[in-house]
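Could you look at this structure with me?

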Amino acid sequence: KAQRGELRRGLPIGFVWGDADGEVLFDPDETVKNAVRTVFEKFAETGSARQVWIWFRNQKLLFPSRPHLHAPLRWIPPTYHALHGVLTSPVYAGAYIYGRTRRERYVDEAGQVRTRLRHLPRKEWAVVLPRHHAGFIDWETYERNQARIARNCPPAAQRAGAVREGAALLQGLATCGVCGRRLH
């Protein structure tokens with residue numbers, strides 16, 4: 001069913017399952033659709049997921065939330081991760097996806113067998129069906145947004161880390177509030 005895009009799993013805010021197999025529809029609630037559209041409009045304007053979140057917070061706007069599939073819809077102040085999830089989910093671009101994570105078993109330091117959830121890179125996802133359903137943005141816009149979000153993140157060498165050497169008090173810890181790079 002997943003290969004055909006018919007396996008019913010939880011859908012993100014703004015989408016509901018239709019009656020036909022694999023049918024994904026926009027949420028019938030106009031306020032939910034407008035909230036999701038606003039996220040994409042503000043991202044196109046600002047170019048930053050963080051700036052979208054700050055804008056929502058400054059405007060004191062609420063965002064829809066549903067903790068699980070059958071929970072009632074709630075309107076809460078949006079978290080950064082909720083808005084970032086909207087911007088990075090390919091479902092909003094009309095794609096059906098399956099297999100973004102994999103459970104792995106490992107042995108911890110105490111010798112106990114544990115499982116962890118590993119997030120896979122996109123090329124390793126089991127199923128990606130672009131243009132599966134109508135989306136809030138098209139696939140090309142989604143790809144451009146992902147590239148833009150990736151450019152917003154500082155390179156690994158620029159991220160804050162443990163203090164190494166030098167006399168600076170906050171060396172390697174203080175970062176710029178705009179770009180996230182280390183201050184010198």
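The numbered points below go from the whole chain to single residues.

1. **Before you start.** Please keep in mind that this is a predicted model, in which local features need pLDDT of at least 70, side-chain atom pairs count only at pLDDT 80 or more, and totals for chains, interfaces and linings use all residues. Residues are numbered from 1 along each chain as its sequence is written, and side-chain values use heavy atoms, with hydrogens and water left out.

2. **The overall layout.** The protein chain has 4 helices and 8 strands; here helices (H or I, at least four residues) and strands (E, at least two) are DSSP runs, numbered from the N terminus. Along the sequence they follow the pattern β-β-α-α-β-β-α-β-β-β-β-α. Of the 184 residues in the protein chain, 33% are buried (buried is under 20% relative accessible area, exposed is over 50% and partly exposed is in between, with a 1.4 Å probe and protein chains only). Taking contacts (heavy atoms within 4.5 Å) between residues at least 6 apart in sequence, 51% join residues at least 24 apart.

3. **The core.** In soluble globular proteins, nonpolar side chains tend to be buried together. The largest nonpolar core here holds 32 residues; such a core is a set of buried Ala, Val, Leu, Ile, Met, Phe, Trp, Tyr and Cys residues joined through side-chain atoms within 4.5 Å. Val36, Val39, Phe40, Phe63, Val86, Leu87 and Tyr92 touch the most other members. Two or more residues each come from strand 1 (15–17), helix 1 (30–46), helix 2 (49–58), helix 3 (80–88), strand 5 (96–98) and helix 4 (139–152). Helix 1 gives the largest share, 6 residues.

4. **Tyrosine 92.** Have a look at what surrounds this side chain. Setting aside residues up to four places away in sequence, tyrosine 92 touches Pro12, Ile13, Phe15, Val36, Phe40, Gly85, Val86, Gly135, Phe136 and Ile137.

5. How do helix 1 and helix 4 meet? Their axes come within 12 Å and cross at roughly 55° (axes are lines fitted to C-alpha atoms, for helices over the stretch in contact, and angles run from 0 to 180 degrees between N-to-C directions). Helix 1 and helix 4 are therefore oblique to each other: angles under 35 degrees count as roughly parallel, over 145 as roughly antiparallel, 65 to 115 as roughly perpendicular and the rest as oblique. Phe40, Phe43, Ala44 and Thr46 of helix 1 make the contact with Asn145, Arg148 and Ile149 of helix 4.

6. **Asparagine 145.** This residue lies in helix 4 and, at 9% relative accessibility, counts as buried. Apart from neighbours within four places in sequence, asparagine 145 is in contact with Phe40, Phe43 and Ile137.

7. **Glutamate 30.** Glutamate 30 belongs to helix 1 and is partly exposed, with a relative accessible area of 43%. Its C-alpha atom is separated by 9.3 Å from that of glycine 14, 16 residues apart along the chain.

8. **Two residues with positive phi.** Most residues other than glycine have a negative phi. Lysine 60, however, has a positive phi of about 55°; this residue sits in the loop between helix 2 and strand 3 (63–65) and is exposed at 71% relative accessibility. Arginine 131 also has a positive phi, near 60°. Its place is the loop between strand 8 (127–129) and helix 4, and at 56% relative accessibility arginine 131 counts as exposed.
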